[in-house]
Amino acid sequence: MTRIPPRRARTLAALAAGALLITACSTTAGTGSDDAAPDPGTGHLHGLGVDPADSAVYAAGHHGVFRLDGGKVTRVADRYQDTMGFTVTGPSTFLASGHPSPADPDARSPHLGLIRSMDAGRTWQTLSAEGEADFHALVQAGDVLYGFESQSSKLWASTDAGRSWDRRAQLPALDLAAHPVDPTTVWAATGTGLERSTDGGRTFRPDTAAPALVAVEEPRSGLLVGLSADGRVLTGRDGGPWTQLGRLPAGGGATVLTAVSTRWLLAADSTDTVYDSRDGGRTWKVLHRPATGQEHS
């Protein structure tokens, strides 16, 4: 009988338990790089961003990080990790969270914690909270990094680039927004409304004038852009009126919004289609549409 060392046994048990959590985040598990299996595509998308090094668009989904360039979609470094909470923080520098691919032989935990890439997603380094945190939203605001940790439903804050964390308010957030000019102000889209904190995420109060939003961005200090579940793109300020700028072509099922600037917006919906706007959300074009049979992977 082969005996498994206690430490390895604990790791294997954690990975087995984590498979259930990964399944909860993804309706179809990743297949690794098995050439015999059909490519699962991007899977459900959780993040979009633009690398300032070359203005390339990147999409993070259940089956890896993808570069979208000239109509071509390429999985970066053939990595199938379930990439959540994705954000671009500098040239070729990405932050993310999520889960390893179930086919990854080197996986040590079902939760990646906070990971960083400094070569546009080709390689990743663990910064903190491996085995503990599953961030579904990450936003950098000056020297403060905010993350929404999905298991505890708490906002975490870091002032040392994500190496250590302070646990703050608990709330049902779908997305976060903050701006370097005023990093103590944090916005949280909840799907049924918008919450605002003015003390760095320690407490929140509802913005009663805001519509129900699934995603929110603050491309300029005090200026908010939001996305409703039915695909409406709206803009407003704290306590003020909100106006509709435009609408995603497919209408309902909106899930992701990223403001590269006040005019350049990226969005995705539940079909994993990626949209691009260069006029602040008034008009949109399809940047990527998944192949038939790959939707909702």
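This is a predicted model: local features need pLDDT of at least 70, side-chain atom pairs count only at pLDDT 80 or more; totals for chains, interfaces and linings use all residues.

Residues are numbered from 1 along each chain as its sequence is written, and side-chain values use heavy atoms, with hydrogens and water left out. The chain has 1 helix and 24 strands, where helices (H or I, at least four residues) and strands (E, at least two) are DSSP runs numbered from the N terminus.

In soluble globular proteins, nonpolar side chains tend to be buried together. A nonpolar core here is a set of buried Ala, Val, Leu, Ile, Met, Phe, Trp, Tyr and Cys residues joined through side-chain atoms within 4.5 Å. The largest such core has 16 residues, of which Y146, L155, A173, L176, A188 and F204 touch the most other members. Two or more of its residues come from each of β9 (135-141), β10 (144-149), β11 (154-158), β13 (175-179) and β14 (182-189). Leaving aside residues up to four places away in sequence, L176 is in contact (heavy atoms within 4.5 Å) with partners including A137, Y146, L155, W187, A188 and V216. Another core, of 14 residues, lies apart from the largest one and has V214, A215, L245 and W284 among its members.

Turning to the open spaces, a pocket is an open set of points on a 1 Å grid over the protein atoms alone, with protein on both sides within 12 Å along at least five of seven lines, and its lining residues have an atom within 4 Å of a point. The largest pocket has a volume of about 1000 Å³, and of the 42 residues that line it, T87, L138, E217, L257 and T258 are the closest to its centre. The elements that give two or more residues to this lining are β1 (45-51), β5 (82-90), β9, β13, β17 (215-220) and β21 (254-259). The second largest pocket, of about 470 Å³, is lined by 20 residues, with R79, Q81, P100, D104 and L112 nearest its centre.

Finally, two residues other than glycine have positive phi values. S55, in the loop between β1 and β2 (56-61), has a phi near 65 degrees and is partly exposed, with a relative accessible area of 46%. A129, in the loop between β8 (125-128) and β9, has a phi of about 60 degrees and is buried, with a relative accessible area of 16%.

Terms used: Buried means under 20% relative accessible area, exposed over 50%, partly exposed in between (1.4 Å probe, protein chains only). On a 1 Å grid over the protein atoms alone, a cavity is a set of points where a 1.4 Å probe fits but cannot get out, and a pocket is an open set with protein on both sides within 12 Å along at least five of seven lines; lining residues have an atom within 4 Å of a point. Grid points are joined across faces, edges and corners, and a volume is the space filled by probe spheres set on the points.
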